[in-house]
Each structure stands twice: as structure tokens, then as C-alpha cells.
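Open the model in your viewer and keep the sequence panel beside it. We will go from stop to stop, selecting a few residues each time.

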Amino acid sequence: MDGEFVEWEKANIHILTHSLHYGLGVFEGIRCYATEKGPAIFRLKEHVERLFSSAHIFLMKIPFTEKEIMEAIIKTVAVNKIKECYIRPLVYIGYGAMGLYPKDNPVKVSIAVWPWGTYLGEEGITKGIRIKVSSFIRGHVNSNLSRGKVCGYYVNSQLAKKEAISCGYDEALLLDTEGYVSEGSGENVFIVRNGALKTTPLTSILEGITRDSIMEIARNEGIATVEERFTRDELYIAEEAFFTGTAAEVTPIREVDGRTIGEGKPGKVTKKLQSLFFDVVKGRNRQYESWLTYV
């Protein structure tokens with residue numbers, strides 16, 4: 001916390017911490033994987049760059065450099081003697097003035113790491129998940145600035161996810177303000193039609209790093225890949241569909257709104273990309289070695 005290691009149970013903040021009340025904080029989700037060469041953090045540089053971009057959008061001055069944050073993340077994994085983990089850097093506005101305008105409140109930084117398994121379940125990874133198009137929508141691009149990974153935005157995601165789970169599904173899918181497919185509660189979405197890969201463009205969605213990784217891997221494998229808006233009914237008739245994200249990794253979608261996707265199981269393209277992705281993050285594919293930072 002703010003450049004000092006703190007014991008887990010002592011990592012506390014003041015009850016009047018500004019971000020706790022008003023939701024303005026930015027964060028990242030990063031994974032560290034066990035490899036033959038030891039723990040490896042996936043695309044650390046890109047995640048830290050996005051953290052600083054999020055802070056810049058919201059006029060938050062991080063009191064450390066990108067290099068210092070990257071070094072702190074590596075040290076936090078190392079000092080915890082952990083081989084595989086989820087990493088959560090958080091930039092938040094600390095205790096000081098209350099009210100919407102934080103005035104001179106300090107900008108604080110914390111980095112936590114902990115073991116976290118498959119976000120949508122092992123069965124979801126192998127067999128696919130069931131999702132529901134939410135009655136809640138993603139915010140307008142001039143309401144929610146979607147390039148920022150902002151704490152408060154996830155209230156919208158929580159509403160969508162709670163609704164989906166209460167209806168018996170595993171996850172939610174949100175549409176944008178014009179009715180096109182946007183993204184999951186915390187994931188980007190891909191479909192396969194006529195053997196080609198399609199994902200939503202960078203309009204109302206977060207610029208996912210796993211999304212970018214899958215697109216690069218797919219193109220290198222000769223899989224036609226486009227960023228293009230599509231509707232929920234195009235998703236219904238897709239041959240395959242899957243979510244991507246740091247937490248979700250590559251999770252196949254087998255059903256949407258009671259409609260079976262393809263054959264109701266992970267398809268050929270999805271399985272190939274999922275397999276390649278796990279080879280990359282676990283250090284088994286040297287072509288993407290630059291994406292790994294070894295601890």
C-alpha cells in the first residue's frame with residue numbers, strides 16, 4: 001500500500017475514503033501463471049499502461065511511475081511466495097474532503113495478490129456456460145467513458161450479473177444504448193460465423209487485453225477476424241461464441257436466452273484458441289514469450 005508492504009489483515013483504509021463513497025477509483029485485473037520457468041505475469045506492461053490511461057481519463061494523478069508500479073507488482077507476487085495468482089492494482093482517492101469534488105484528497109495505490117481459480121468454473125471452461133441478455137444496458141459512450149476501468153462502472157455489471165444468476169444462468173450479456181451486443185458483466189464477447197471470428201468494436205466496451213491477445217493469436221493462425229457490431233439474433237445463430245477476460249480467460253458459451261449455440265458445446269475455433277491461449281500464458285509457446293514477465 002503506497003509503496004510499503006502491509007500484512008493482509010492490516011491492509012485497512014479510513015471509513016471516509018472518498019472512493020468508497022463516490023465510486024471513483026481505477027483498477028486492473030492481472031493474472032500470474034505457473035510455468036516451467038516459475039511464476040509469469042501475463043501482459044504486465046499492457047495492464048499497467050491501461051491503469052495509467054484509466055487514471056488519466058478521470059484526472060487522477062498516480063503518485064508513482066509505470067515502472068515503479070510494474071516493479072511493485074512483481075515484488076508483491078514474489079514476497080507472497082505464490083506461484084499462480086490474481087493481481088489487483090487499485091488507484092483510489094483517499095480520506096480528505098467529502099462531497100463530489102475531492103479537492104486535494106490524496107491519490108492512493110494498493111496492490112493485492114491472491115490465489116483465484118477459474119472465474120466461471122472449471123465446467124464452464126470445458127463444457128461452456130449459459131448466459132442471458134440482460135435487461136440492463138451498458139452506458140452511453142458520453143456517460144460512461146468506456147476506455148476507463150473504473151470501480152463505479154461495475155455497479156451496472158453487478159445488476160446484470162445478479163439478474164442473470166437469479167434467472168438460473170451463469171453470466172449476463174449487456175447490449176449498448178442502440179441495442180447492439182456490447183459485452184458481458186466483466187468480459188468481452190466473440191462469435192464465430194462461417195468460420196470467421198467476430199467481436200464488438202471499441203465503442204461501448206472496455207479495451208480488453210485478453211480480447212486483444214485472442215485477436216492477435218487468431219490472425220496469426222490464419223483465422224479471419226473482424227471487429228464489427230452485431231445483434232443479439234446474430235449471436236443466437238452463431239456457430240460458436242465465447243467470452244474473454246483476465247478472470248474468465250477463454251470461456252465457451254453454449255446457450256443464450258434458452259437458445260443453443262451451435263452444437264451446444266465448445267466449437268472447433270473456440271477450442272483451438274482456448275488451447276493456444278493456455279499454452280501462451282503457461283509459457284509453452286515461445287512465439288508469445290514477450291507477453292510474459294517472469295517473477
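Which residue in β13 does Arg 130 stand opposite? Select Arg 130 and you will find Glu 255 facing it.

Before moving on, a word on what is on screen. This is a predicted model, in which local features need pLDDT of at least 70 and side-chain atom pairs count only at pLDDT 80 or more, while totals for chains, interfaces and linings use all residues. Residues are numbered from 1 along each chain as its sequence is written, and side-chain values use heavy atoms, with hydrogens and water left out.

**Stop 1**

Select residues 249-256, which make up strand β13. Helices (H or I, at least four residues) and strands (E, at least two) are DSSP runs, numbered from the N terminus. Of the 8 residues in β13, 7 are buried; buried means under 20% relative accessible area, exposed over 50%, and partly exposed in between (1.4 Å probe, protein chains only).

- Strand β6 (residues 129-137) pairs with β13 in the parallel sense, over 3 bridges.
- Strand β12 (residues 240-245) pairs with β13 in the antiparallel sense, over 4 bridges. Look for Phe 243, whose bridge partner in β13 is Thr 251. A hairpin of 3 residues joins β12 to β13.
- Strand β14 (residues 259-260) runs antiparallel to β13, and 2 bridges join them. Here Val 256 has Arg 259 in β14 as its bridge partner.

Zoom in on the hairpin of β13 and β14, which has 2 residues between the strands. Asp 257 takes a positive phi near 50° in this hairpin.

**Stop 2: a stacked ring pair**

How far apart are the centres of the rings of Phe 190 and Phe 242? They are 5.0 Å apart with the planes at 10°, so the pair is stacked. Rings of Phe, Tyr and Trp (its six-membered ring) pair if their centres lie within 6.5 Å; planes under 30 degrees apart count as stacked, over 60 as edge-to-face and the rest as tilted. Because Phe 190 lies in strand β9 (residues 188-193) and Phe 242 in strand β12, the pair ties together parts that are 52 residues apart in sequence. Phe 190 is buried at 0% relative accessibility, and Phe 242 is buried with a relative accessible area of 0%.

The whole structure has 11 aromatic pairs. Another to select is Trp 114 with Trp 116, a tilted pair at 6.0 Å centre to centre and 40° between the planes. Trp 114 is partly exposed at 24%, and Trp 116 is partly exposed at 33%. For a cluster linked by ring pairs, show Phe 42, Phe 277, Phe 278, Tyr 288 and Trp 291.

**Stop 3: salt bridges**

The structure holds 23 salt bridges, each a side-chain nitrogen of Lys or Arg within 4 Å of a carboxyl oxygen of Asp or Glu.

Start with Lys 198 and Glu 228, whose side chains meet at 2.9 Å, N to O. Lys 198 lies in strand β10 (residues 196-199) and Glu 228 in the loop between β11 (225-227) and α7 (232-236), so the pair ties together parts that are 30 residues apart in sequence.

Next, go to helix α2 (residues 44-57), where Glu 49 and Lys 45 lie 4 residues apart, about one turn of the helix. Their side chains meet in a salt bridge at 2.4 Å, N to O.

Is Arg 43 buried or exposed? Arg 43 is buried, with a relative accessible area of 7%. Its salt-bridge partner is Glu 46, with the closest N and O atoms 3.3 Å apart, and Glu 46 is partly exposed at 26%.

**Stop 4: a buried serine**

Select Ser 157 in helix α5 (residues 154-166). Ser 157 counts as buried at 5% relative accessibility. Leaving aside neighbours within four places in sequence, Ser 157 is in contact (heavy atoms within 4.5 Å) with Arg 138 and Ser 185.

Terms used:
Two strands pair if DSSP finds at least two bridges between them.
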